[in-house]
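Hi everyone, thanks for making time for this. I'd like to walk you through the strands in this one, so let's bring it up on the screen.

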Amino acid sequence: MTNRLANVWRAAARLIACAASAALLAHALPAAAAKRIIVIGNMQFHPSTVVVERGDKLVWVNRDLVPHTATAAGMFDSAAIAQGGSWSYRASTPGRYAYGCSLHPGMKAVLIVEKKRGRPASR
Ligand SMILES: [Cu+2]
């Protein structure tokens with residue numbers, strides 16, 4: 001009985017240790033270019049504010065019933081993304097960009113591109 005309990009505790013401890021090392025590993029990994037997905041649904045961008053680092057790839061996926069765009073004047077423009085379609089863009093210039101859907105003026109969101117951590121701002 002106590003033996004079985006001890007085994008359960010040991011298994012639990014192993015699970016926790018495993019989860020902890022996985023978390024540590026994820027934290028320690030170098031900041032490679034990440035991919036961020038923005039889902040368009042119900043006439044909204046989800047999430048409505050996204051913070052990425054320069055070099056990260058953004059993918060807008062249209063899960064809505066009508067076409068939408070991801071448009072930041074002078075910065076990027078997806079053109080119409082069909083229902084079920086997607087469009088990707090690599091964030092290159094740090095800054096804060098208000099963007100929206102050119103087909104539905106009420107759809108607004110913000111993209112914030114930060115400089116890559118641990119790298120000089122310019123070379
Ligand atoms: Cu739209």
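Before we start, one working rule: two strands count as paired if DSSP finds at least two bridges between them. And please keep in mind that this is a predicted model.

With that rule in hand, look at β1, residues 35-41, and β4, residues 57-62: they are joined by 6 bridges and run parallel.

Which strands make up the open sheet, and in what order? There are 4 strands, ordered β2-β1-β4-β7, and the pairing is mixed. β2 (44-46) and β7 (86-90) are the edge strands, and each has a single partner, so one side of each has no neighbour in the sheet. From one strand to the next, the twist averages 20°.

Next, let's turn to β9, residues 108-114. Which strands does β9 pair with? One is β3, residues 49-53, which runs parallel to β9 and is joined to it by 5 bridges. Here Val51 sits opposite Ile112 of β9. Another is β8, residues 95-100, which pairs with β9 in the antiparallel sense over 6 bridges. In that pairing, Tyr97 has Leu111 of β9 as its bridge partner.

Last stop: the two faces of β9. Ala109, Leu111 and Val113 form the covered face, while Lys108, Val110, Ile112 and Glu114 are on the uncovered one.

Technical notes. Residues numbered from 1 in each chain as written. Predicted model: local features only at pLDDT ≥ 70, side-chain atom pairs only at ≥ 80, totals over all residues. Axes fitted to C-alpha atoms, helices over the stretch in contact; angles between N-to-C directions. Buried ≥ 20, exposed ≤ 12 C-beta atoms within 10 Å, placed from the backbone.
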